[in-house]
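Reader: Hi! I'm new to looking at structures. Could you walk me through this one?

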Amino acid sequence: MANEARRPLSPHLQVYRLTLTMFLSGVHRVTGMALYLGTLLLAWWLIAAASDAKSFETVSWVLTSIIGRLILFGFTCALFTHMMGGIRHFIWDSGRGMEHPQREYLAQMTIWGGLILSVVVWIIAYAVR
C-alpha cells in the first residue's frame, strides 16, 4: 500500500492543453469514418447506374438536392482533409516538420489545404457544367 501511494498519477485531461495537432488527430479519425460513409454513397450511385433508369433517377435526385449536395461537399472536405493529414504524417515520417513552428504550420495547412482544395474542385465541377 505504501508503494502505491508514492506512484505518480497518470496525467489527466486537466493537465493537457488541447493543441492544434492533438485536435487534428481526432479530425483525421473522423474524416476517415466519413470516407467510409461517402464510399457507401458512391457504391449506391454505381449500383443504381448499373441497374435501371428509375434507380439512377432516385439516386440522382437525392444527391442533387440541397442536403445531398451538402453531404457531397462534406465528403469532399473529408477526402481532402484526410489526404492533407496523410501528407502531414508522411512529412513527419521523413523526420521533418517536428519542431514547433513547422508543426503548427503543417497543422494549419492541413485544415486550409483541405478546405481550399474542396472549394476549388466544386468550382471546377460547376464551371464544367
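Author: Happy to! One term to begin with: helices (H or I, at least four residues) and strands (E, at least two) are DSSP runs, numbered from the N terminus. This is a predicted model, where local features need pLDDT of at least 70 and side-chain atom pairs count only at pLDDT 80 or more, while totals for chains, interfaces and linings use all residues. Residues are numbered from 1 along each chain as its sequence is written, and side-chain values use heavy atoms, with hydrogens and water left out.

Reader: Thanks! How many helices and strands does the protein have?

Author: There are 5 helices and 0 strands. Along the sequence, that reads α-α-α-α-α.

Reader: How much of the protein is buried?

Author: Buried residues are 22% of the 129 in the protein. Buried means under 20% relative accessible area, exposed over 50%, and partly exposed in between (1.4 Å probe, protein chains only).

Reader: Let's look at α4. What is its reach from first C-alpha to last?

Author: Helix α4 covers residues 66–93, which is 28 residues, and it reaches 40 Å. That is close to the 40 Å expected at 1.5 Å a residue; the expected span is 1.5 Å times one less than the number of residues.

Reader: Which residues of α4 are buried, and what covers them?

Author: Among the buried ones are Thr76, Cys77, Phe80 and Trp92. Their cover includes α2, α3 (53–64) and α5.

Reader: And what follows α4?

Author: Gly95 does, and its phi is positive, near 90 degrees.

Reader: I clicked on Ser118. Where is it, and why does it count as buried?

Author: Ser118 sits in helix α5. It counts as buried because its relative accessibility is 0%. Apart from neighbours within four places in sequence, Ser118 is in contact (heavy atoms within 4.5 Å) with Phe73, Thr76, Cys77 and Phe80.

Reader: New topic: at what angle do α2 and α5 pack?

Author: Helix α2 (residues 20–50) and helix α5 (residues 100–128) pack at about 35 degrees, and their axes are 9 Å apart. Axes here are lines fitted to C-alpha atoms, for helices over the stretch in contact, and angles run from 0 to 180 degrees between N-to-C directions.

Reader: Which residues meet there?

Author: From α2, Leu20, Thr21 and Leu24 meet Arg103, Glu104, Ala107, Gln108, Thr110 and Ile111 of α5. These residues divide into 4 nonpolar, 3 polar and 2 charged. Ala, Val, Leu, Ile, Met, Phe, Trp, Tyr, Cys and Pro count as nonpolar, Asp, Glu, Lys and Arg as charged, and the others, Gly among them, as polar.
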